[in-house]
Amino acid sequence: MQLAIIGLGRMGANIGRRLMRGGHEIVAYDVSHDAVVTLSREGAMPAGSLEDLVAKLKPPRAVWVMLPAGKITEDCINVLSGLLAAGDTVIDGGNTYYKDDIRRAASLREKSLTYIDVGTSGGVWGLERGYCMMIGGDKAAVDRLDPIFATLAPGIGDIPKTPNREGRDGRVEQGYMHTGAAGSGHFVKMVHNGIEYGLMQAYAEGFEILKEKASTELPEDHRFDLDLTDVAEVWRRGSVVASWLLDLTTQALAEKPALENYTGVVADSGEGRWTIEAALEEAVPANVLSAALYARFASRKPGSFALRLLSAMRAKFGGHVEPKADK
């Protein structure tokens, strides 16, 4: 099957590679000429512009946009909408805000274009492991592009089948799902990323509790000098908290047990905030997810004004002296 990909970053290029390995024809475009040349040497058809990309596609065309959420994706899709013809499909595989998907789908529908939003999970490992996909949009268009999604998906692998799933959509067990109308794919992926924040924060807090058990602030007979690398490894094997995130944590600890190659400043890419916004709109308590997001904010502001003000208040009402900061 033929597919165009716009945006050849870490995920976009690997999506192209996995599809070419599966026998699909890729037309590739990126503002970076070097990125286009690199993928073309591996078998992709290079495009020098969006106009050139559209001209190289056979109708009904399908264009996968893999760009950062926001203006760059918005501008790209606006240009494409003037180049594509009735019956063509635009796929947004990035981390777009689901309300933008709903708006875009309605706008493109007026031009007889189909819009599909694909929440894509797999990161830099997707080329080999495959991509878990949550797909929103018109069912007929999603079904037509099924060969693309089936190739990108991880497949059932060695994960045991879940009992009592008889009669349900078999694609889900392969690692991809048609979630419903446009916007629903990115909505499910958004909540997925919010949960990811919470899981990561839970691991981070738990391992710090283990690490600080050796603190000299504790009574000597209550201290344990725990090997965190080995704790992580043993938890991978039969533990209730085993997961791919724990696998990656174990790798990081094995490489640098003190994690001295990291600063601890943690970014957020937007989905966590949007998840909390959705929780507020739905009046759903999201204590863990919101705390995990706020922890990321705090990581970027060591010695923030708020923390200094807390110290000032304690000093004023109780004469409390600040302890020396850990180094």
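Strand β4, helix α4 (residues 71–83) and strand β5 make a right-handed β-α-β unit; right-handed here means that, with the strands pointing away from the viewer, the path from the first strand over the helix to the second runs clockwise. Helices (H or I, at least four residues) and strands (E, at least two) are DSSP runs, numbered from the N terminus. The model is predicted: local features need pLDDT of at least 70, side-chain atom pairs count only at pLDDT 80 or more, and totals for chains, interfaces and linings use all residues. Residues are numbered from 1 along each chain as its sequence is written, and side-chain values use heavy atoms, with hydrogens and water left out.

The strands of this unit belong to an open sheet of eight, in the order β3-β2-β1-β4-β5-β6-β7-β8, with mixed pairing. Two strands count as paired if DSSP finds at least two bridges between them. At the edges stand β3 and β8 (176–180), each of which pairs on one side only.

Between β4 and β5 there are four bridges, and the two strands run parallel; Val 65 stands opposite Asp 92 in β5. Strand β5 (residues 89–92) is covered on both faces: Thr 89 and Ile 91 on one side, and Val 90 and Asp 92 on the other, are all buried, that is, under 20% relative accessible area, where over 50% is exposed and in between is partly exposed (1.4 Å probe, protein chains only).

On to β6. Four bridges also join β5 to β6, again in parallel, and Thr 89 has Thr 114 as its bridge partner in β6. The chain makes this crossing through helix α5 (residues 98–109), in a right-handed β-α-β crossover. From β6 (residues 114–121) to β7 (residues 132–137) the pairing is antiparallel, over six bridges, with Val 118 opposite Ile 135 in β7.

Helix α1 packs on the sheet, touching β1, β2, β4 (62–65) and β6, where contact means heavy atoms within 4.5 Å. The direction of α1 makes about 165° with that of β1; axes are lines fitted to C-alpha atoms, for helices over the stretch in contact, and angles run from 0 to 180 degrees between N-to-C directions.

The other part of the sheet holds β1, β2 and β3. Strand β1 (residues 2–6) runs parallel to β2, with five bridges between them, and Leu 3 is bridged to Ile 26 in β2. Helix α1 (residues 10–21) carries the chain from β1 to β2 in a right-handed crossover. Because four of the five residues of β2 (residues 25–29) are buried, this strand is largely enclosed by the rest of the structure. Two bridges pair β2 with β3 (residues 45–46) in the parallel sense.
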